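Please have the sequence and structure open while reading.

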Amino acid sequence: MKNEFSAHEIATMLGGTIEGNPDTIVSGLSKIEEGAVGTLSFMAHPKYEPFIYETNASIVLVNSNFVAAKPVSATLIRVNDAHHAFVQLLQTYNNKQNHSSGIEQPCHIATDAQIGKDVSVGAFAYIADGAVIGNHCKIFPGVYIGPHVKIGDDCVIYPGVKIYQHCVLGNRVIIHSNTVIGADGFGFTRNSDKSYSKIAQIGNVIIEDDVEIGACTTIDSATLGSTIIRRGAKLDNLIQIAHNVEIGEHSALASQVGISGSTKVGAYCVLAGQAGLVGHIKIADEVIIAAQSGVTKSFSKSGATILGSPAYDVSEAKKLYIAYRRLPDLIKKITILEAELEELKKQKRDSDT
Amino acid sequence: MKNEFSAHEIATMLGGTIEGNPDTIVSGLSKIEEGAVGTLSFMAHPKYEPFIYETNASIVLVNSNFVAAKPVSATLIRVNDAHHAFVQLLQTYNNKQNHSSGIEQPCHIATDAQIGKDVSVGAFAYIADGAVIGNHCKIFPGVYIGPHVKIGDDCVIYPGVKIYQHCVLGNRVIIHSNTVIGADGFGFTRNSDKSYSKIAQIGNVIIEDDVEIGACTTIDSATLGSTIIRRGAKLDNLIQIAHNVEIGEHSALASQVGISGSTKVGAYCVLAGQAGLVGHIKIADEVIIAAQSGVTKSFSKSGATILGSPAYDVSEAKKLYIAYRRLPDLIKKITILEAELEELKKQKRDSDT
Amino acid sequence: MKNEFSAHEIATMLGGTIEGNPDTIVSGLSKIEEGAVGTLSFMAHPKYEPFIYETNASIVLVNSNFVAAKPVSATLIRVNDAHHAFVQLLQTYNNKQNHSSGIEQPCHIATDAQIGKDVSVGAFAYIADGAVIGNHCKIFPGVYIGPHVKIGDDCVIYPGVKIYQHCVLGNRVIIHSNTVIGADGFGFTRNSDKSYSKIAQIGNVIIEDDVEIGACTTIDSATLGSTIIRRGAKLDNLIQIAHNVEIGEHSALASQVGISGSTKVGAYCVLAGQAGLVGHIKIADEVIIAAQSGVTKSFSKSGATILGSPAYDVSEAKKLYIAYRRLPDLIKKITILEAELEELKKQKRDSDT
């Protein structure tokens with residue numbers, strides 16, 4: 001695989017124009033403030049302009065309207081949108097690193113599992129009875145795909161991911177290392193002696209198209225029916241999704257969020273880090289939940305921002321919080337009031353006598 | 001394995017009576033509100049009654065005293081307790097899916113490891129020197145059982161679980177995927193240059209009978225002695241149990257709870273999601289700790305409910321919280337008091353002159 | 001390997017003097033309050049003195065100046081510092097249990113991977129193209145070392161750890177089971193239809209010398225450049241370190257801490273359990289962050305203690321918290337003030353008429 005590119009090749013790929021030596025060679029990407037010789041960087045925002053005069057990056061992508069205030073040693077490639085062009089290159093570079101590598105041995109593929117075209121399976125991966133893997137999937141080493149799991153096309157399942165029986169993944173799903181999909185929901189009935197008996201969890205998890213899930217996240221199977229992650233949703237690391245939860249389309253959940261059983265989160269929501277939601281509530285579409293919030297009830301107003309533990313609408317929460325910040329001041333005010341009132345009462349008594 | 005059952009067979013199994021076609025066939029279970037053709041559902045609570053007239057489920061279990069207000073198209077099976085009967089079927093169904101599959105190759109079983117009768121070991125599982133596995137255990141693919149680990153009978157260890165050396169599991173213990181039992185406790189001494197030196201952690205973890213542990217949970221070894229999870233306790237996903245902690249019998253810990261070193265939690269406690277406990281404290285029996293609580297001291301009153309961060313007894317915490325909610329109102333009151341007092345003082349001055 | 005030691009051998013190893021039978025044999029270590037026959041314990045702090053008269057431990061290490069107030073049945077070994085001597089023994093004992101075991105088959109070592117001297121690789125471990133493993137490393141079963149990963153000397157990588165491509169580890173790094181190093185950062189751009197597009201994450205993670213990382217922790221790769229854990233830092237279990245974060249030298253992070261993208265934590269900091277830090281902030285050196293704190297802004301004062309959610313300097317946070325605790329009392333005061341003012345106004349009206 002080709003690992004080096006000239007300024008000329010990159011400019012051609014991006015439809016840009018070169019300022020400097022078209023034969024400049026790069027083999028990696030870098031941030032402009034850390035740019036090393038042999039790497040390509042970009043400068044899109046004026047606040048990074050000082051770095052362009054000092055960077056050691058060999059090539060820098062800039063917006064076509066950039067005017068240098070001082071001499072620049074790097075070769076420049078001018079494009080319409082330097083940030084966008086750079087993201088495009090990142091993607092290309094990344095794809096090259098993640099090329100498929102076929103079926104590595106030893107791996108375990110059950111005789112009745114169905115494997116699509118152009119699928120790679122890493123060593124020590126396990127694909128159980130009745131599992132179906134779509135085309136162009138990349139199953140990394142040490143992955144476990146349980147019985148009757150169905151996976152669509154173009155999925156990437158990173159090392160150590162475990163997917164329990166009967167779960168269903170759409171197309172272009174990405175799951176990072178050691179995440180667990182479909183473990184038993186946390187369901188028990190309490191016996192008369194206060195011990196617990198397990199309620200069998202026979203539902204599954206459905207993950208729709210274009211979902212990405214981070215590392216060490218857990219999404220439990222439904223007791224019955226399905227826990228559902230709707231298309232386009234993005235989940236970070238170490239997130240807990242309990243049984244029968246539903247996450248709406250294109251919602252984004254930051255790390256360490258926890259969602260209790262049967263709660264439904266709407267579409268286009270953003271849940272910040274360490275937020276927790278109790279079970280059996282419903283969050284409307286486009287709701288933003290602040291970090292560390294503790295959400296104890298449903299919020300039905302689309303587009304709301306909620307925060308606090310317990311969480312309120314931002315207007316209410318801020319009013320409370322501002323009052324809280326004024327507390328030491330209020331205590332002083334009350335002490336003054338008490339003294340003044342005492343003085344008035346004293347004056348009153350004095351004048352009465 | 002048989003995958004289809006007739007109404008007649010199910011009624012016989014449950015001791016129920018059929019209303020409708022005894023030859024109706026089902027091959028799965030469903031919720032009544034989502035019931036599909038070919039599945040069996042149940043209706044125990046009157047609030048679900050409307051669904052029984054619309055469901056596509058082919059068979060519905062109902063309580064023997066249920067009186068239909070409208071025509072029902074499904075075949076009914078009347079039993080004493082429809083919910084209980086359904087849980088029984090769930091269990092049976094689940095057991096059928098988790099049948100043992102023998103020793104798959106390649107797996108690693110050390111020559112001096114002892115493996116009981118009727119044990120299944122999945123491919124890529126690793127059982128180290130001196131490990132002892134009881135009868136009827138199911139060790140899934142990719143599990144690691146360290147040196148001298150002892151596991152009782154009828155345990156289920158799901159894919160990717162790692163158990164460090166010398167840990168001990170009782171009977172009927174269930175551990176879900178990618179959970180780690182017995183990693184080193186977080187113990188360091190600070191040197192004079194403020195760097196840390198590791199304190200060797202040579203204790204273990206003891207997990208007693210009938211404990212179930214979720215996915216991606218971490219239970220650290222004791223520095224010396226044992227971290228102990230007492231019989232019947234149930235732990236959810238992504239929980240942290242630090243070194244030398246003890247969790248009492250039949251306590252239930254929800255997801256993302258964190259318990260610091262040497263803390264003892266009593267029996268029959270319930271810890272809700274994301275609660276955190278500092279180290280070296282003791283929680284009495286039957287205590288309920290609310291979600292996101294931060295417990296900073298021991299609670300010795302059995303049966304207490306505690307909440308907040310820092311956490312107080314519910315009566316104290318609620319009093320504080322109600323006062324907090326009144327804060328904006330209090331600020332208004334103080335402003336009025338100040339104005340009125342000023343007016344009184346003015347009147348006093350006016351009358352004095 | 002030798003598993004039993006006599007009092008004579010241990011005293012020789014530690015430079016101590018024996019009081020009792022030099023032939024007393026021990027095969028394990030214990031806490032003095034739990035000491036069993038055949039184990040060695042220690043007593044350094046006077047508050048544990050009562051246990052020395054009751055313990056069943058066969059040998060007890062004591063400080064050289066210890067004077068027994070009652071008869072002691074255990075064999076004593078007197079040393080300068082009993083606690084320190086015990087830690088030394090712990091370390092020795094632990095090292096004996098973690099001896100190297102060579103290259104177990106089947107494992108996957110890419111033909112162009114470089115493996116140092118005296119390295120052990122467990123079964124089902126995967127070492128990818130271009131990876132470099134230093135001398136005396138212990139790679140446990142089921143570990144995944146991605147393409148071009150570089151690992152220094154004397155590292156211990158426990159079962160199930162996954163390290164993505166291009167990450168770099170220094171010397172004497174310890175990583176516990178199922179931790180994930182180098183998964184993609186959580187980086188997306190929002191499209192005009194409010195769906196997300198992935199920003200390729202092509203940076204890596206750099207972990208410097210003497211870092212220890214707990215189980216099920218996730219450290220994401222930088223978008224570009226490196227996420228960095230500086231030398232001597234200690235991370236507990238279930239921690240989230242987002243892309244482009246930097247953790248300073250010899251800082252200690254307790255379990256379930258979460259740090260958002262691009263935040264820099266200084267050297268010698270201590271972050272207690274479940275604390276969360278937003279992205280793009282900077283924490284000075286030697287800062288202590290209390291458990292469950294929510295840090296929303298930079299703190300530039302070295303040595304500060306901060307707490308609360310949102311977090312303030314301890315002086316400010318305590319003032320607020322003490323005021324909060326007085327709230328029910330304040331409400332009573334205000335009610336009294338209102339009544340008294342009403343009374344004064346009434347008296348005024350009465351006297352005016």
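What rotation superposes chain C on chain A? In this predicted model, the rotation is 120°, with 0.1 Å of shift along its axis and an RMSD of 0.2 Å.

**Chain symmetry**
- Chain B is superposed on chain C by a rotation of 120° with 0.0 Å of shift along the axis, at an RMSD of 0.1 Å.

**Helix α4 of chain B**
- Helix α4 of chain B runs over residues 314-325, 12 residues in total.
- From its first C-alpha to its last, α4(B) reaches 16 Å, close to the 16 Å expected at 1.5 Å a residue.
- Buried residues in α4(B) are B:A317, B:L320, B:A323 and B:Y324.
- Because the buried residues fall within an arc of 130° seen down the axis of α4(B), they line one face of the helix.
- B:S315, B:K318 and B:I322 are exposed on the other side of α4(B).
- The cover over the buried residues of α4(B) includes β38 (305-307), β39 (312-313) and α5 (327-352) of chain B.
- Other chains also take part in that cover, including α4 (314-325) of chain A, and α4 (314-325) and α5 (327-352) of chain C.

**Residue B:Q292**
- B:Q292 lies in the loop of chain B between β36 (288-289) and β37 (294-295).
- B:Q292 counts as buried because its relative accessibility is 15%, and buried means under 20%.
- The side chains of B:Q292 and A:S309 are joined by a polar contact of 2.6 Å.
- Residues touched by B:Q292 include A:Q292, B:S309 and C:Q292.

Conventions. Residues are numbered from 1 along each chain as its sequence is written. Chains are lettered from A and ligands numbered from 1 in the order in which they are written. This is a predicted model: local features need pLDDT of at least 70, side-chain atom pairs count only at pLDDT 80 or more; totals for chains, interfaces and linings use all residues. Side-chain values use heavy atoms; hydrogens and water are left out. Helices (H or I, at least four residues) and strands (E, at least two) are DSSP runs, numbered from the N terminus. Buried means under 20% relative accessible area, exposed over 50%, partly exposed in between (1.4 Å probe, protein chains only). A polar contact is a pair of N or O atoms within 3.5 Å; within protein, one must be able to donate a hydrogen and the other to accept it, and residues adjacent in sequence count only if both atoms are side-chain atoms. Contact means heavy atoms within 4.5 Å. Copies are superposed by least squares on the C-alpha atoms of residues with pLDDT of at least 70 in both. The expected span of a helix is 1.5 Å times one less than its number of residues. The arc is that of the directions from the helix axis to the C-beta atoms. Lists of a residue's contacts leave out its neighbours within four places in sequence.
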